[in-house]
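Student: I am new to this structure. Could we go through the terms used for it, one at a time?
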Amino acid sequence: MNTASVSLGDSVSSQSRFMQLVLSAFLGIFVIGVVGFSHIDAVHNAAHDYRHSMAFPCH
Amino acid sequence: MNLFRNVVFIAAIAGLVAGVVLACMQAYATVPLILKAEVYEQAGGGHEHEHAAAPAANAADTNAMNAMSAAPAEAAAPAEDEGWAPADGFERFAFSVLANIVTGIGFALVLVAVSEFAGGIGNWRQGVFWGLAGFAAFTLAPGLGLPPELPAMPAADLTQRQIWWWATVAATAAGLGLIAFRKSLPLAILAVALIVAPHIVGAPQPGSFETPIPEGLHHQFVVAVTVTNLVFWLVLGAVVGVVRGRFTGTATSLRDSFA
């Protein structure tokens with residue numbers, strides 16, 4: 001990590017850094033999954049136009 | 001959790017900006033086409049989702065509604081009820097905007113987290129390249145096998161399509177990462193194989209492609225979805241680059257190998 005001086009959160013250990021980034025990515029995937037891929041009818045209907053507009057699999 | 005907090009902060013700002021931009025583009029480019037398609041869906045007996053049959057349906061739907069009332073058998077099946085749906089008009093628009101912003105933040109979280117592993121997005125120009133990669137992985141690649149669909153278009157089983165969608169995104173992203181950050185020919189070949197593989201396997205396809213939607217309307221929709229998503233990803237990447245540059249206080253180019 002020779003770019004550490006300009007990395008975000010440069011004070012954390014590399015293992016903790018890895019875990020935090022993985023956690024962020026999974027949080028993002030979870031959010032996308034709930035809004036765009038949930039099979040719950042109410043969630044589907046609320047985000048219906050959005051799902052079609054993003055070409056997410058729908059119906 | 002210092003790093004996590006920073007990632008979430010940057011993602012929240014970038015997702016908010018790009019989500020609002022995307023919602024504005026959708027209001028003009030894609031949503032009018034969806035509403036047009038719903039007229040065909042209604043006329044065709046609208047078997048799948050009839051939320052457009054809400055009281056505030058368009059005047060253009062009236063004929064279709066009359067045709068529907070001739071088939072009360074479907075209406076007489078409340079067990080098939082699709083549950084709550086936002087009312088047409090402002091409420092429906094507001095929920096679309098909300099969905100855009102929330103998932104914009106979701107995409108931004110993934111983008112920031114993945115790019116940090118590769119040294120981070122140093123400025124808006126690097127962000128544009130990262131945005132192009134996100135567009136390729138999340139829109140272009142899955143869109144080849146599963147083109148953007150309008151209501152009333154036939155489609156294969158939902159869960160299978162969703163699995164194929166996520167697998168294609170993951171394989172494409174991994175392939176692009178290998179090409180961009182590993183200077184090795186065998187790995188580059190593996191990367192191409194990863195990108196091509198989902199399309200050899202093939203997306204789940206419907207049994208029949210019969211649809212009341214005119215082909216011209218669908219083509220227009222595919223173009224609108226692709227272009228709006230391209231702009232969304234470019235804005236998302238660029239804003240991440242700008243905000244992150246402010247954060248670290250250095251907006252210099254970090255990587256000589258990329259961008």
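Student: What makes the crossing of H1(A) and H5(B) left-handed?
Tutor: A crossing is left-handed if the near helix is turned anticlockwise from the far one by less than a right angle, and right-handed if clockwise. H1(A) passes H5(B) in the left-handed way. Bear in mind that this is a predicted model: local features need pLDDT of at least 70, side-chain atom pairs count only at pLDDT 80 or more, and totals for chains, interfaces and linings use all residues. Residues are numbered from 1 along each chain as its sequence is written, and chains are lettered from A and ligands numbered from 1 in the order in which they are written.

Student: Why are H1(A) and H5(B) called roughly antiparallel?
Tutor: Helix H1 of chain A (residues 14-37) packs against H5(B) at about 155°, with the axes 8 Å apart. Axes are lines fitted to C-alpha atoms, for helices over the stretch in contact, and angles run from 0 to 180 degrees between N-to-C directions. Angles over 145 degrees count as roughly antiparallel (under 35 is roughly parallel, 65 to 115 roughly perpendicular, the rest oblique). The pair is therefore roughly antiparallel.

Student: What classes of residue make up that contact of H1(A) with H5(B)?
Tutor: The contact has 17 nonpolar, five polar and one charged residues. Ala, Val, Leu, Ile, Met, Phe, Trp, Tyr, Cys and Pro count as nonpolar, Asp, Glu, Lys and Arg as charged, and the others, Gly among them, as polar.

Student: How many residues of chain B are in contact with chain A?
Tutor: 58 residues of chain B are in contact with 35 of chain A. Contact requires C-beta atoms, placed from the backbone, to lie within 7 Å. H5(B) gives the largest share of chain B's side, 17 residues.

Student: Where does H6(B) bend?
Tutor: At Ala136(B), by about 35°. The bend is the angle between axes fitted to the seven residues ending there and the seven starting there.

Student: Why are H2(B) and H9(B) roughly antiparallel too?
Tutor: Their axes come within 10 Å and cross at roughly 155°. By the cut-off, H2(B) and H9(B) are therefore roughly antiparallel.

Technical notes
Helices (H or I, at least four residues) and strands (E, at least two) are DSSP runs, numbered from the N terminus. Two residues are in contact if their C-beta atoms, placed from the backbone, lie within 7 Å.
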